[in-house]
Amino acid sequence: MEDEPITEHERLQIEQIMELEAEELEVEEVDDDDLSDDDDYRGSAGTSASGDYTYDTSLVALHSYLGDVEDTHNRLASLDGGAVLTLPLFYLEGVVLFPEATLPLRVIFPNFIAGVERAMRQVDAPYTIGVVRVYRDPNNGRIKFSTTGTTAEIRQYKRLDDGSVNILARGQQRFRLRRRWIDVEGSLCGEVHIIQEDIPLRTPRDVCGKVAPLRNSQASRIVQMTPLNDSDVMSDGSFESKLSLTERRLHQYALASSRTSDVYDESISSDDEKFERNFDYQSERSTSSEFNRKNGDDSPIIGKRPFSNKVGWGRRHSMSQLRDVPRAFWPNWVYRMYDSYSLARKLADRWKQVVKAPSMDSLVMKPDLLSFHIASKMPISESARQELLEIDGTSYRLRREIELLESFDKMRCKTCQTLVAKRSDMLVMSSDGPLGAYANPHGFVHEVMTLIKTNGIAVAGRPVKEFSWFPGYAWSIAECIACGMQMGWYFSATHKKMRPQAFWGIRSSQVVDETL
C-alpha cells in the first residue's frame, strides 16, 4: 500500500520540530518572577511583540521522539461487552490507561516483542493488546497486578534495525483480568472479560410532570396536600399505576417533601445549604411522626404533616411556587445527582475553572467518553486514577471526578512526604492536557504531569537534547532534595526566546495527593 500524502498542517508541524531541534542549546537561569504569570502561555502558540514565542502544545501529542512510525490502517470495531478472550498483556508500572487515551511504547524486551508479534497476527482481536497497571505492595514490596485494565489498539508501528519496536496505541475498552500466564514464546498472556459499559443516565421525562394544585393555601405555615385515591392514580397513565398502595403513599409523601427542596433548588448554589435544608426537613419529619403516634396513625402522613415553623419561610417563597411540584418519587435534585448529562456539564465547567485546557465542552453530550477523557488527563496520583478506572457506572465516575477536582490541592513526595507542588502550579504543555504518557529509550513508560514551579526538588546533571518528549526543550533529571528519589525531569528551552523558558515534569507514580 502506497504511503498516504501528509497534510499541510502535518508538514508545518514537522518543519517546526526540525527547526527547534536544530537550535543550539542555550540554557539560561530564569527568576521565579518571570515564570509566575503562566496564564499567558497555557496551551497556545504565538509570537509576542518582543519577538518571544509561546510553545505549540500540539507538537507534544505527535510523540516525534519515537521517529517515523507507520499507520497500521487497522481500526477494530468495539468488542462485545461480556466477551471473554485471550490477549497479550503489557504490564506497566506507574501507568493507568483509559479508553481513548494515547499510549506510546518503546518495545525492547523480548517478552514484550513476542507479545506484539502475537497481537499482530491474532484473529479475534487483531492489533490489540491488554494493558494493566502493576505496583509494589507497600507492606512487602512484592509486585502486584491490578485486576482492571484497558485494551489498546496498535495504531502506528515501526520495527527498527536492532529488533526493537516503536508503537503508538490507543485505549479502547475496560476489562477484568481473570487469569494470566506465559506462553511458549515467552509473552505474557491473559484471559480478559470485556466490561459492558452502562448507558449514561438521564432524568426521566415523567419526573417533570405536574400534580394537581395544592388546595389549601390559606396559611403560609400549614400546607395541606389533597391525597390521591386509587382511581386518580390509575387513570393518570403515569408510572404511578405500577406502584403498590404503600409505594403510592410513599410517593405522595415524597411529593410533599419536594416542596421544601425544589422551590429553593435553583436559588441555592451550595450543596451544604441544600444539606441543611434537608436536615431541617428530617427534623420536621420526626415531629410529624410524633404527631402521628399521638393520633394513633402509623401510616405515612398525607395532608397532615405540619409545615415548617421557621419564621420568614413564607415570605421568601409564594404559594404559587408550591403548586408546581414535580411528579416524582423523589425531589428533582435527587435525580440530578445521578443524571449523567447534568454531572457532565458540571464536570466540564469545573475542569475549565481548575485546569483550563483542553476544553471538554464538546464531550458534554457524551458523558461516558467525558469521564474517561478527564480521568486520563487529571494530574493526580496513579493510585487515584486506578480507582477511577475501576468504577463501574458513568454517573458514579463523574461524581468522583468532580470531588477530586474540587478537593485535590497539594502533591507530596511519595517516599518522604515532602511538599513538592500545589494545584496552582499546573502547566499545560501538551494538547492532551497537564498529564500524559511518554516512553523513554530504555523501554519504560512514564506518566508525567507538567508544572511551572516546584518546591524541594533539585536538578541533577547536564541538560540533554536527545529523545526529548517536548521538542525544543532539553531535559535534566530532577530529584527530591529530602530523600534523593528521582521525581521526574526539568525541561529547559533550547532557544532563549521560547516561553516558558523552563518547566518541570513530575512522575505521577512518585507523588501522593493531599486534598483541601
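Predicted model: local features only at pLDDT ≥ 70, side-chain atom pairs only at ≥ 80, totals over all residues.
Student: How many helices and strands does the protein chain have?

Tutor: Helices (H or I, at least four residues) and strands (E, at least two) are DSSP runs, numbered from the N terminus. Counted in this way, the secondary structure of the protein chain comes to 14 helices and 20 strands.

Student: What percentage of the residues in the protein chain is buried?

Tutor: Buried means under 20% relative accessible area, exposed over 50%, and partly exposed in between, with a 1.4 Å probe and protein chains only. Of the 516 residues in the protein chain, the buried share is 48%.

Student: At what angle do helix α11 and helix α12 pack?

Tutor: Helix α11 covers residues 340–354 and helix α12 covers residues 367–377, and their axes lie 10 Å apart. Contact means heavy atoms within 4.5 Å, and this one is made by S340, Y341, A344, L347 and W351 of α11 together with P367, L370, I374 and K377 of α12. Angles under 35 degrees count as roughly parallel, over 145 as roughly antiparallel, 65 to 115 as roughly perpendicular and the rest as oblique. The two helices are therefore roughly parallel to each other, and their packing angle is about 30°.

Student: Which residues of α14 make the contact with α11?

Tutor: Helix α14 covers residues 394–407, and it packs with α11 at an angle of about 25°, with the axes 9 Å apart. That makes α11 roughly parallel to α14. On the side of α11 the contact is made by S340, L343, A344, K346, L347, R350, W351 and V354. On the side of α14 the residues are T394, S395, L398, R399, E401, I402, L405 and E406.

Student: Where is F444 found, and which residues is F444 in contact with, leaving aside its neighbours within four places in sequence?

Tutor: F444 is found in the loop between β13 (435–439) and β14 (445–451), and is partly exposed, with a relative accessible area of 47%. The C-alpha atoms of F444 and G94 are separated by 9.7 Å, although these residues are 350 apart along the chain. Leaving aside neighbours within four places in sequence, the residues in contact with F444 are F109, Y438 and A439.

Student: Which residues does a cis peptide bond join?

Tutor: One of the two residues, P500, is found in the loop between β18 (498–499) and β19 (502–507). The omega of the bond is about 5°. The cis peptide bond joins R499 and P500.

Student: What is phi of Y127 near?

Tutor: Y127 lies in the loop between α3 (110–121) and β6 (128–136). Its phi is a positive value in a residue other than glycine, and is near 60°.

Student: What is the relative accessible area of F467?

Tutor: The place of F467 is in the loop between β15 (457–464) and β16 (473–480). Phi of F467 is near 55°, a positive value in a residue other than glycine. F467 is partly exposed, and its relative accessible area is 26%.

Notes. Residues numbered from 1 in each chain as written. Heavy atoms only, no water. Axes fitted to C-alpha atoms, helices over the stretch in contact; angles between N-to-C directions.
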